[in-house]
Amino acid sequence: MRPVEAILERALRGEPPSARELERLFALDDAGEAAREPLFRAARELRRRHFGDRVFLYGFLYLSTYCRNDCRFCWYRRSNPACRRYRKSDEEVLEAAGRLAETGVHLLDLTLSEDPGLRTGEGLAGLVRLTARVKAATRLPLMLSPGVVSDTALAELAQAGVDWYACYQETHSRGLFRRLRPAQSFAERMRAKRAARAVGLLLEEGVLCGVGETPRDLVCSVRAMARLGADQVRAMSFVPRDGIPLARRHHGDPGRELAAIATLRLAFPDRLIPASLDVDGLAGLRRRLEAGANVVTSLIPPGQGLAGVAQSVLDIEEGRRTVGEVREVLGRCGLAPASGTEYADWVQRRKAEAR
Ligand code: MD0
Ligand code: SF4
């Protein structure tokens with residue numbers, strides 16, 4: 001039997017791959033579709049065992065695009081004059097949140113760049129109040145993606161009804177981290193995640209693909225995700241654009257991200273793994289689901305002037321990042337949206353287990 005097949009067979013028997021084996025699987029990124037198919041098939045089977053045909057849907061609201069940082073992969077980095085900055089008012093956020101909730105998403109992800117006006121004092125207090133209002137109005141599970149914040153902020157946010165803290169290291173190689181996030185602290189960012197767990201928040205960790213990482217770096221990320229006890233783990237491709245300094249490495253090759261999604265499924269069979277609409281829009285959804293993802297993220301309501309992150313505009317105003325469009329793709333993959341109760345139950349169960 002070829003080594004990859006043996007790894008997959010053992011994973012299906014409940015034996016998680018070793019570090020060396022994970023490296024082998026991550027390296028299937030440029031092996032071509034046919035060579036990756038057995039990996040994808042195993043990932044789908046593990047997803048089926050833990051989640052059946054059910055998929056969770058996350059609505060996304062980007063509240064502020066002002067940022068103090070200068071990440072080299074990001075469109076919203078402070079030194080990019082070309083991106084349109086906004087900070088949504090409470091009323092705008094509540095309206096967009098209400099609309100998204102009505103469409104049937106299971107969670108709202110409130111994301112912010114590291115906006116200096118919302119990090120401390122009255123700005124932070126306003127964010128905490130807004131979060132509580134969104135919770136009261138929608139009664140949905142909430143995720144907050146505010147970048148690195150203080151322990152006190154995390155505790156206040158948890159108190160206000162936030163369920164998840166999302167904060168992606170992008171890489172767990174310190175050298176690559178320095179190149180991606182200049183002048184930011186690797187340790188601070190990791191510490192915020194441990195602090196979030198300590199106040200009872202669920203945690204999403206993530207890696208960026210196509211930025212010069214090696215399969216071994218990705219194994220290092222799997223270890224870090226396991227140590228953190230991450231509840232949701234993400235791999236997302238770098239999207240090069242004019243105005244972003246980082247050079248494209250894996251131009252047009254989604255293989256790295258797809259192999260990473262499937263390998264994460266083998267390493268974390270019962271965790272949540274996103275298929276983001278924020279890289280290739282709706283057109284890229286099917287292949288991510290077929291690699292073993294079980295959450296669709298970055299559903300964004302049209303007509304509200306809201307932005308995406310990696311893709312700031314793709315498919316948004318066309319109304320293609322919506323539950324109706326996603327449901328059709330799910331159907332074609334033999335999958336279906338979960339009910340709100342199924343998702344809320346999953347969140348409650350995980351919180352109890354994590355305690
Ligand atoms: C996504 N655009 O899900 C969002 C974003 C932040 N928590 C998530 C990267 O793709
Ligand atoms: Fe700011 Fe986040 Fe972009 Fe970095 S990745 S520049 S912290 S918005």
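Modeller: A residue is near a molecule if one of its heavy atoms lies within 4 Å of it. The model is predicted, with local features needing pLDDT of at least 70 and side-chain atom pairs 80 or more, while totals for chains, interfaces and linings use all residues. Residues count from 1 along each chain, chains are lettered from A and ligands numbered from 1 as written, and side-chain values use heavy atoms, without hydrogens or water.

Colleague: OK, how many residues surround ligand 1?

Modeller: 13 do, and the closest are Asp109, Ser145, Tyr168, Ser276 and Thr297.

Colleague: What does the Ser276 side chain sit next to on the ligand?

Modeller: One of its N or O atoms is 2.5 Å from an oxygen atom of ligand 1 (a polar contact pairs N or O atoms within 3.5 Å).

Colleague: And Tyr168, which kind of ligand atom is there?

Modeller: A nitrogen, 2.8 Å from a polar side-chain atom of Tyr168. Ser145 also has a side-chain N or O atom 2.8 Å from a nitrogen of ligand 1.

Colleague: Switching to helices: how do α2 and α10 cross?

Modeller: Helix α2 (residues 19-26) and helix α10 (residues 255-267) have axes coming within 9 Å and crossing at roughly 150°. They're therefore roughly antiparallel (angles over 145 degrees).

Colleague: Which residues make the contact?

Modeller: Leu22, Leu25 and Phe26 of α2, against Arg256, Ala259, Ala260, Thr263, Leu266 and Ala267 of α10 (contact: heavy atoms within 4.5 Å). Those divide into seven nonpolar, one polar and one charged.

Note on methods
Axes are lines fitted to C-alpha atoms, for helices over the stretch in contact, and angles run from 0 to 180 degrees between N-to-C directions. Helices (H or I, at least four residues) and strands (E, at least two) are DSSP runs, numbered from the N terminus. Angles under 35 degrees count as roughly parallel, over 145 as roughly antiparallel, 65 to 115 as roughly perpendicular and the rest as oblique. Ala, Val, Leu, Ile, Met, Phe, Trp, Tyr, Cys and Pro count as nonpolar, Asp, Glu, Lys and Arg as charged, and the others, Gly among them, as polar. A polar contact is a pair of N or O atoms within 3.5 Å; within protein, one must be able to donate a hydrogen and the other to accept it, and residues adjacent in sequence count only if both atoms are side-chain atoms.
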